[in-house]
Amino acid sequence: MALAKVEPFAVEQWMDKYETRAKYNIAETCVASISLDDLKELSEDKISEIWSPSTKLTYGAIRGSEKLRSTLANLYSAKKPLDAEKVLITQGAIAANMTVLYGLVGKGDHVICHYPTYQQLYEVPKTLGAEVDLWRARAERKWQLNIEELKGLIRPNTKMIIINNPQNPTGAIIPKAMLDSLIEIAEEHNLIIMADEVYRPLFHSISPGSSDFPPSVLSLPYTKVIATGSLSKAYSLAGIRVGWIASRSSELIEACAQARDYTTISVSQLDDQIAAYALSQSCIHGLLGRNIKLAQQNLLTLDNFVENFRWTCEWVKPVAGTTAFIKFSKMGQEIDDVVFCEKLIEDTGVMLCPGSRCFGEEFKGYVRFGFCCETNVLDEGLEKLRGFMKKGYQTLPLAQEE
Ligand SMILES: Cc1ncc(COP(=O)(O)O)c(C=O)c1O
């Protein structure tokens, strides 16, 4: 029997290899994680139990508790009410993405995926037999997309356009006007838009009043949209493994539910209850307030670092999310980012994530920083990196030409 080839998931392998031995993990994509004690501290509700120990540990509600699903549905209801039936709970956004793709994409389909991004979003459709084209956000356009390029990619069998907004690793956003153009095209060709919105609503450098501020795809006037999200990044709770799929379309949500039956049954009741507490009106504002403040403060520190090293670093400053994609070159030539990251962690214990290994060959010289860790970890990590820039950096090789 021929087994389907599954490409290694480069960024996850890199994180797995180094994150438990790193002394200064400044590659992490979660806002500094919190404990249940911290969560209670951030909440206005100090009385309710986060988890009730007398609850019998059954599977719980198969699609996720009514409480959690309606809380999430309300978060998507700003423009137009969303029903709790249109939300499915999953084990993190990774399972949400997998479920959507497993349920909706197959052989004969063509998928267009925003790039660079989390490898899962373009690799899994290929594994399922679909053809994939990449819709490139380019550094020279400040990581923005081009609608004419999208038009050129559409084929008669195109089924889905996948976007990641805010974008990992660049921290860029797809602005409102581009989202409007995107749905116009999707509507014209009857395409599904899937948006991995796992970094929402961590908008640290754009205000909701800005005309560019991106709404969720669920707030756009189009039904064939699916959003995935989770508690891991903007809400600092990766350890509970709770994510979700939400759609405006019953047909799409039911197709995802059918696929989910084969992989999930239900998500841990403990996790579900903690998630509902974190997203409740009494807690969400304190939690997001803490995280946006942390992101803004840490970004100033990272900005300072980039300014000091202008002779070798360049970036498009991130607008949202937890990451920044910084390019390192010497005399106009990119350095070997993989050797850089390997040597850095060996010599100093500072963990970064190499662009060309984790996001695609074309990102030679790029390094992903996760700057929303604890402030002291970023401060100390950057201090060590400064030391490395003075000593080991000059000896680093340049990236190999193809
Ligand atoms: C774009 C994107 N989607 C999904 C995930 C998976 O997140 P989780 O399963 O922890 O919710 C990640 C993690 O890095 C990510 O960057």
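Which residues in H4 meet which residues in H8? In this predicted model, numbered from 1 along each chain as its sequence is written, local features need pLDDT of at least 70, side-chain atom pairs count only at pLDDT 80 or more, and totals for chains, interfaces and linings use all residues. Side-chain values use heavy atoms, with hydrogens and water left out.

Back to the two helices. On the H4 side there are Thr99, Val100, Tyr102, Gly103 and Leu104, and they meet Leu252, Ala255, Cys256, Ala259 and Arg260 of H8; contact here means heavy atoms within 4.5 Å. Sorted by class, that contact has 7 nonpolar, 2 polar and 1 charged residues (Ala, Val, Leu, Ile, Met, Phe, Trp, Tyr, Cys and Pro count as nonpolar, Asp, Glu, Lys and Arg as charged, and the others, Gly among them, as polar). H4 covers residues 92–104 and H8 residues 250–261, and their axes come within 8 Å and cross at roughly 105°. Axes are lines fitted to C-alpha atoms, for helices over the stretch in contact, with angles running from 0 to 180 degrees between N-to-C directions. H4 and H8 are therefore roughly perpendicular to each other, a label for angles of 65 to 115 degrees. Helices (H or I, at least four residues) and strands (E, at least two) are DSSP runs, numbered from the N terminus.

Next comes the ligand. It is surrounded by 15 residues, the closest being Asp196, Tyr199, Ser230, Ser232 and Lys233; a residue counts if one of its heavy atoms lies within 4 Å. Ser232 has a side-chain N or O atom 2.7 Å from a ligand oxygen atom, and a polar side-chain atom of Lys233 also sits 2.7 Å from an oxygen atom of the ligand. Ile94 uses a backbone N or O atom, 3.0 Å from a ligand oxygen atom. The protein covers 94% of the 400 Å² of accessible area that the ligand has on its own (Shrake-Rupley method, 1.4 Å probe).

Definitions and conventions: Parallel < 35°, antiparallel > 145°, perpendicular 65-115°, else oblique. Polar contact = N/O pair within 3.5 Å; in protein donor to acceptor, adjacent residues only side chain to side chain.
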